[in-house]
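Thanks for coming. I will go through one model today, starting with what a record says about it and then turning to the ligand shell and the helix packing.

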Amino acid sequence: MTWLITGGAGYIGAHVVRAMIEAGEQAVVFDDLSSGITERVPAGVPVVRGSVLDRPKLDRTLAEHGITGVVHLAAHKQVGESVEQPLRYYHENVEGLRVLLEAVVEAGVSSFVFSSSAAVYGMPDVDLVTEDTPCAPMNPYGETKLAGEWLVRAVGRTHGLSTACLRYFNVAGAATPELADTGVFNIVPMVFERLTRGEPPRIFGADYPTPDGTCVRDYIHVADLADAHVVAARKLATAPGTDLTVNIGRGEGVSVRAMIDLINEVTGYDIAPQVDPRRPGDPARVVASADRISAELDWKSRHDVRAMVTSAWEGWVRLHPEAARD
Ligand SMILES: NC(=O)c1ccc[n+]([C@@H]2O[C@H](COP(=O)([O-])OP(=O)(O)OC[C@H]3O[C@@H](n4cnc5c(N)ncnc54)[C@H](O)[C@@H]3O)[C@@H](O)[C@H]2O)c1
C-alpha cells in the first residue's frame with residue numbers, strides 16, 4: 001500500500017507519517033502548509049504542496065504515486081475561529097473532503113481513514129462516551145467533523161471504499177521534541193505559555209459537578225494516536241467493506257486542576273492557578289469509552305498523562321529555551 005497523508009506536515013499528521021514509515025508502509029504527504037511545517041516530515045517521504053480543494057493536483061498526485069489508501073487529517077481545527085468563520089470552515093473541512101473523496105473514488109483508492117473528533121459529541125451527559133452516544137456538536141468545527149463522517153460513510157457504502165472515522169479525544173505530547181505541537185490551542189501548551197510568562201494558569205470554572213469542580217477530559221498521547229492510525233489503516237487494507245467509527249481515548253478522566261498541578265510539577269514551576277468564570281459551551285466531563293477500538297483493532301494506549309506532559313515540555317523548551325528551569 002502507498003498512503004497519501006493529507007495534513008502530513010501538521011502536528012498529528014507528522015506523527016502518523018512517522019508511525020506509518022516505521023511500520024514499513026509507504027507514505028506521501030499532501031499539505032497546503034497553511035499550518036504545516038515540511039521539516040517535520042521524515043527524509044525520503046515526498047511532500048506535495050497543495051490544497052485538498054485542488055482536484056487537478058489531487059488527481060495527478062494519486063496517479064503519479066500509485067496511491068491505494070488515504071489518511072485524511074488536513075483540516076482547520078480552531079473552535080472559536082469556526083464560530084467566527086463558519087463559511088471558511090465548511091469550505092475547507094467539508095467541501096475539501098468532498099473534493100478529495102471524488103478524486104479518491106475516480107482513482108480507485110480502496111481505503112480511507114478520516115480524522116474526526118470528540119467535538120462531534122458536544123455536551124454528552126454520560127460517564128463514558130461510547131460511539132453510540134448521540135452526536136450533538138456545539139460549534140461549526142464539530143459540525144464539519146460530523147458532516148465529514150456522514151460523507152465518508154455514504155461514499156464508502158456506495159463506492160466500495162473501506163472507511164474508518166477516528167474520533168480523537170484530547171491530543172497531547174510529542175514522540176520527539178521536533179514534532180511537538182507549535183500551536184497554543186490546547187490546555188497543555190496554554191499552561192506552558194502562562195508559566196513561561198510567569199503568569200498563573202487559568203481555570204475556567206471551578207463549580208462544575210466534578211470531584212474537584214473543574215472540567216474533566218480524556219488525554220491521549222499523540223504517539224499512541226499515530227499507532228492507532230497504522231492499525232486502522234492495516235485493517236482497512238485487509239478487510240474490504242470495513243465501515244468503522246471509533247473513539248481514540250484512554251477512558252481515564254483528568255481534571256483541569258489535576259493537569260495544571262502535574263504541569264507545575266513536571267516543569268519545575270510552582271504557580272497556583274487562578275479561577276475565572278466558566279466559558280460558554282464547555283462540557284463538565286468528556287471521557288471516552290475505549291472499548292470498541294480495543295475490541296475491533298486490538299489497540300491500547302501505552303503512555304500516561306505524565307509522559308504526555310514531559311514530552312510536550314521538551315518540545316516547548318526547544319522552541320522557548322527561556323522557559324527552562326534548572
Ligand atoms: N489536535 C487535536 O487535539 C485534535 C483533536 C481532534 C481532532 N483533530 C483533527 O486532527 C487533524 C490534524 O490536526 P492537528 O492538530 O495536527 O492540526 P495541524 O493544524 O497541526 O495540522 C493540519 C494540517 O493540515 C494542513 N491543511 C489545512 N488545510 C488544508 C487543505 N485545505 N489542504 C491541504 N492541507 C491542509 C495544514 O497545513 C496542517 O499541516 C485535523 O483534522 C483536526 O481536526 C485534532
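UniProt positions are given here in the numbering used for this model, feature names are shortened, and annotations may be inferred rather than shown by experiment. With that in mind, the UniProt annotation "domain: Ketoreductase", from an unreviewed entry, covers residues 1-158. Residues are numbered from 1 along each chain as its sequence is written. This is a predicted model, where local features need pLDDT of at least 70 and side-chain atom pairs count only at pLDDT 80 or more, while totals for chains, interfaces and linings use all residues.

Helices (H or I, at least four residues) and strands (E, at least two) are DSSP runs, numbered from the N terminus. Over residues 1-158, the chain is 44% helix and 16% strand, with the end C-alpha atoms 22 Å apart.

Now the ligand. A residue counts as near it if its C-beta atom, placed from the backbone, lies within 6 Å. There are 29 residues around the ligand, and G7, G10, G36, A74 and A75 come nearest. Which elements supply at least two residues of the shell each? They are α1 (11-22), α4 (86-107), β5 (111-117) and β7 (170-172). The largest share, three residues, is from α1.

For classes, Ala, Val, Leu, Ile, Met, Phe, Trp, Tyr, Cys and Pro count as nonpolar, Asp, Glu, Lys and Arg as charged, and the others, Gly among them, as polar. The shell then has 11 nonpolar, 14 polar and four charged residues.

On to helix packing. Axes are lines fitted to C-alpha atoms, for helices over the stretch in contact, and angles run from 0 to 180 degrees between N-to-C directions. Under 35 degrees is roughly parallel, over 145 roughly antiparallel, 65 to 115 roughly perpendicular, and the rest oblique. A crossing is left-handed if the near helix is turned anticlockwise from the far one by less than a right angle, and right-handed if clockwise. Residues are in contact if their C-beta atoms, placed from the backbone, lie within 7 Å.

Take α4 and helix α5 (residues 140-159): their axes come within 9 Å and cross at roughly 15 degrees. That makes α4 roughly parallel to α5. The crossing of α4 past α5 is right-handed. Contact residues include Y89, Y90 and L97 of α4, and Y141, L151 and H159 of α5. By class, this contact has 12 nonpolar, four polar and one charged.

On α4 there is also helix α2 (residues 55-64), with axes within 10 Å and a crossing of roughly 35 degrees. Again α2 passes α4 in a right-handed crossing. R55, L58, D59, L62 and A63 of α2 meet V99, L100, E102, A103 and A107 of α4.

Last, helix α6 (residues 187-196) and helix α10 (residues 305-319) pack at about 50 degrees, axes 11 Å apart. They are therefore oblique to each other. V188, P189 and F192 in α6 meet V309, A312, W313 and W316 in α10. This contact has seven nonpolar, no polar and no charged residues.

Conventions: Contact = placed C-beta atoms within 7 Å.
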